[in-house]
Amino acid sequence: MALACACAPADADAMLAVALARDLDRTFEHVVIAYRARIVTFVARMLHDDARAEDVAQDVFVRAYRALQTYPAERRASLRLRSWLYAIAHNLTRNAFRDAPPPSDSLEYDDGMPRTGLVDARPGPEHLVLRAEAWESIGDAIARLSEALRPAFVMRYVDDLSYEEIAESLDQPIGTVKASAHRGLLAVRAHLEKNDD
Amino acid sequence: MTETNLRDARDAIKRDVSPDFTAKVFAGCGLDRYTNAASALGEVFVAWSATGVSAVRVAADEQAFEAWYDERFARRCVEAVEIDSIAAAARARLQGEDVDVPVDLRDCSPFEQRVLHKAAEVLRGSARPYGWVARELGSPDATRAVGNALGRNPVPLLIPCHRIIRADCTTGGYVFGGDAKRKLLESEGLDFGALETMTRGGFRYVGCADGTFCLPTCGDVATRVSAPGYVGLRSAKEAHEHGLVPCRQCRPIAA
């Protein structure tokens, strides 16, 4: 079955959805292959716990499979696979988030606004070279984002989902997810620049 | 830090997935996977789960294999897209390479599992009687049950049930047929001509130059029976009279 292709992700998703409608069991491994790295990364960033990320990500796919088994073919065919899988991943990580909230020196106030002292309104350097430790810092900064900002930030800037897809995954209005992703970006940027000094 | 170079950085924080990620997902879904593999008996289907190879089978086509699998194990098995380490090891082993292959025997009874693990101890180039397996497992009267368990071996070739033969050194049954069993054993070095000569002469053991006595199917001893230092023996008593001790490899008599 030649489902993996060089076409745009949305087209590949549509092909996968049609194939899922035709034969769930034979198509499911293609879904796992297409999304496992993204879902593991998303879960790892959400939990800030690489060790648990794979187990939770496996559970995401198992739950997806169980749900697909109950869907009629036409519902599978019209599925927007990417935002649907992220929605499952978000739901599963939300519980874990409650168990282990971000560190107390989080990057925002309780209302989700970045701490003013950390915010730098100037545009960042256009060609900032990111060293390995800077990448580590990004992971660190993401871990300090609150539950309100983290999912939208990770989906937008790590996983490259469209705002429409994020809104669908999180079941929030587009305006809200745009604002959350932007605030998250400001907070992460401020954290990185502060650490760069 | 701009949006653009943040995105440039995201590859660095992407996680790799472990090689058994998909297998574990499939285990959670209750699905096994299969692929094709070349073997000494031609093309076979190989199915596996997260724990090991669950089936090796010849079938007319994919549908026939899937139907057989469903009936035998009451689980669905789907054609794999990717080959993971378990399937790769199975393919290598079926091609004759000496690699460890985990097997999934969860659908076999505890007795069947013990029989299969015992059969797995028999090395290439050797064979053992059904009764030998029964005796080794502490159930000397269970020869027929041993035959049945071997007949239900879900992973023939990987667990070499073909190396268990009749006491008279004829092949006995095999999932791929008696001719295939003989062909396999011959390809592994067993000399049926020499074994038949021994059986016709009423010889049950071979006395060896190292002071031990063996089953005729212990490696190539049957081919040496007329060589200096070797002798055909009709009974264990005769072996004792020659001052011979049982071979520790083939354990020809009860301890």
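Biologist: Where in chain B does Cys169(B) sit?

Modeller: Bear in mind that this is a predicted model. Cys169(B) has a positive phi of about 70° although it is not a glycine. As for its place, look in the loop between β6 (164-165) and α8 (178-187) of chain B.

Biologist: And is Cys169(B) buried or exposed?

Modeller: The cut-off for buried is 20 or more other C-beta atoms within 10 Å. Cys169(B) has 21 of them, so Cys169(B) counts as buried.

Biologist: How many residues of helix α7 of chain A are buried?

Modeller: The helix covers residues 150-158, and its buried residues include Arg150(A), Phe153(A) and Arg156(A). Just after α7(A), Asp160(A) has a positive phi of about 65°. The helix is largely enclosed by the rest of the structure, because the buried count is nine of the nine.

Biologist: What about the cores: how many residues does the largest nonpolar core have?

Modeller: Among the residues with the most contacts inside it are Val46(B), Leu158(B) and Ala119(B). Ala119(B) touches Val133(B), Leu150(B) and Ile159(B), among others. A second, separate core of 55 residues includes Tyr35(A) and Tyr157(A). For the largest one, the number is 63.

How values were computed. Residues are numbered from 1 along each chain as its sequence is written. Chains are lettered from A and ligands numbered from 1 in the order in which they are written. This is a predicted model: local features need pLDDT of at least 70, side-chain atom pairs count only at pLDDT 80 or more; totals for chains, interfaces and linings use all residues. Helices (H or I, at least four residues) and strands (E, at least two) are DSSP runs, numbered from the N terminus. A residue is buried if 20 or more other C-beta atoms lie within 10 Å of its own, exposed if 12 or fewer, and partly exposed in between; C-beta atoms are placed from the backbone. A nonpolar core is a set of buried Ala, Val, Leu, Ile, Met, Phe, Trp, Tyr and Cys residues joined through C-beta atoms within 7 Å. Two residues are in contact if their C-beta atoms, placed from the backbone, lie within 7 Å. Lists of a residue's contacts leave out its neighbours within four places in sequence.
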